[in-house]
Amino acid sequence: MPELPEVETIKQDLQKIITGKKIIKVCVHNPKVIREPALKAFKKSLEDVTIKRILRRAKLLIFELSNSLFLTVHLKMTGQLVLRQKLSTNPELVEGLVYPGGAKNSRVAFHLAGGDILDFNDQRLFGELRVVGDWKKLKFVQSLGPEPFDLTYFDFRNMLSKKKTKIKPLLMDQGFISGIGNLYAAEILFGAKINPERSAQGLTEAEKARLYKEMQGVLTSAIKHGGSSVDDYVRLSGKRGDYARFHQVYGRINEPCFVCKTLIQRIAQGGRGTYFCPQCQR
DNA sequence: AATGGGACCTGCGCGC
DNA sequence: TGCGCGCAGGTCCCAT
């Protein structure tokens, strides 16, 4: 369930540690996660290639390669990118490794020059790896709405006023705004004191302003703390993200609201669990 | 346009 | 102890 803050954290970790490294061998343990091109071509287009730069768009990671192709990685729900480092390479990072010996649910292993291995782990096999000539032309990328941090309040406000939809599913709609998932939608709405069932266009100006501020604030803070490790998400080092201790509502069904002590409720919205405080969020 | 459902998957926790 | 079931949620796809 990595969302924007988790993917951004991994991006920054990768940027620091993987940039400039050469991939010498690609071991595919489960070809299901390779979406394009076919397996043989996929491996061939990655071997003996250097990673130049790491980019992120919404929840998608993009590796810019020295052969002018791009490797895109979507973690979906249980995907992980974890670095298994040779003990001698970087002693200070070894401490946080979850599996110095072997990788759990490794589906693809990228062997790097120097001996480190970058594992793509994915318990549920929803994750998607692609090598493409132009990642911006991917249908998925074309369908994405703006990044939360690229959006002005003026535009946000006007976008909301055109939508009758309930605000919670709308925040999670990747074609509307990209990068926000179930967890952060809930936390943002709590911060803005808005009930998840409210219609977008029915929000007052003050509520829209609070929503915008919380969207920026919650996401920024979550990135600062390395994201939320609630299920499988871990950072490149294998360490957990630290933001879960700031969660106000997500996963807190029947626990007292930190603000008013009312019990946190969980309702179903579009097949997904929505956590909120019925007292604070009106 | 908006909404609801199923599909893709696997592991976990629950009730019996 | 074991079994079956529902649930978790990112994205796509189809139906209404």
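This is a predicted model: local features need pLDDT of at least 70, side-chain atom pairs count only at pLDDT 80 or more; totals for chains, interfaces and linings use all residues.
## The surface near DNA strand B

Let's start with the protein surface near DNA strand B, whose residues divide into two nonpolar, two polar and four charged.

Which part of the DNA faces the protein here? Of the atoms of DNA strand B within 4 Å of the protein, 67% belong to sugar or phosphate, and the rest belong to bases. Arginine 124 places a polar side-chain atom 2.5 Å from a base oxygen of DNA strand B. Lysine 164 uses its backbone instead: one of its backbone N or O atoms is 3.4 Å from a phosphate oxygen.

## The surface near DNA strand C

Now turn to the other strand. How many residues surround DNA strand C? There are 18, and the closest are His74, Met77, Arg124, Phe126 and Arg266. By class, this surface has six nonpolar, five polar and seven charged residues. For DNA strand C, 56% of the atoms within 4 Å of the protein are part of sugar or phosphate, with bases supplying the rest.

A polar side-chain atom of histidine 74 sits 2.5 Å from a phosphate oxygen of DNA strand C. For lysine 139, the distance from a polar side-chain atom to a phosphate oxygen is 3.2 Å, and asparagine 182 has a side-chain N or O atom 3.1 Å from a phosphate oxygen. Two elements, α4 (139-142) and β11 (272-276), each give two or more residues to the surface near this strand.

Is strand β8 (residues 117-122) largely enclosed or open? Six of its six residues are buried, so β8 is largely enclosed by the rest of the structure. Both faces are covered: Ile117, Asp119 and Asn121 are buried on one side, and Leu118, Phe120 and Asp122 are buried on the other.

Which strands pair with β8? Strand β6 (residues 79-84) runs antiparallel to β8 and is joined to it by six bridges; leucine 81 has phenylalanine 120 as its bridge partner in β8. Strand β7 (residues 106-112) is also antiparallel to β8, with five bridges between them, and here phenylalanine 110 stands opposite leucine 118. β7 and β8 form a hairpin with four residues between them, and glycine 114 in the turn has a positive phi of about 105 degrees.

Technical notes
Residues are numbered from 1 along each chain as its sequence is written. Chains are lettered from A and ligands numbered from 1 in the order in which they are written. Side-chain values use heavy atoms; hydrogens and water are left out. A residue is near a molecule or strand if one of its heavy atoms lies within 4 Å of it. A polar contact is a pair of N or O atoms within 3.5 Å; within protein, one must be able to donate a hydrogen and the other to accept it, and residues adjacent in sequence count only if both atoms are side-chain atoms. Ala, Val, Leu, Ile, Met, Phe, Trp, Tyr, Cys and Pro count as nonpolar, Asp, Glu, Lys and Arg as charged, and the others, Gly among them, as polar. Buried means under 20% relative accessible area, exposed over 50%, partly exposed in between (1.4 Å probe, protein chains only). Two strands pair if DSSP finds at least two bridges between them.
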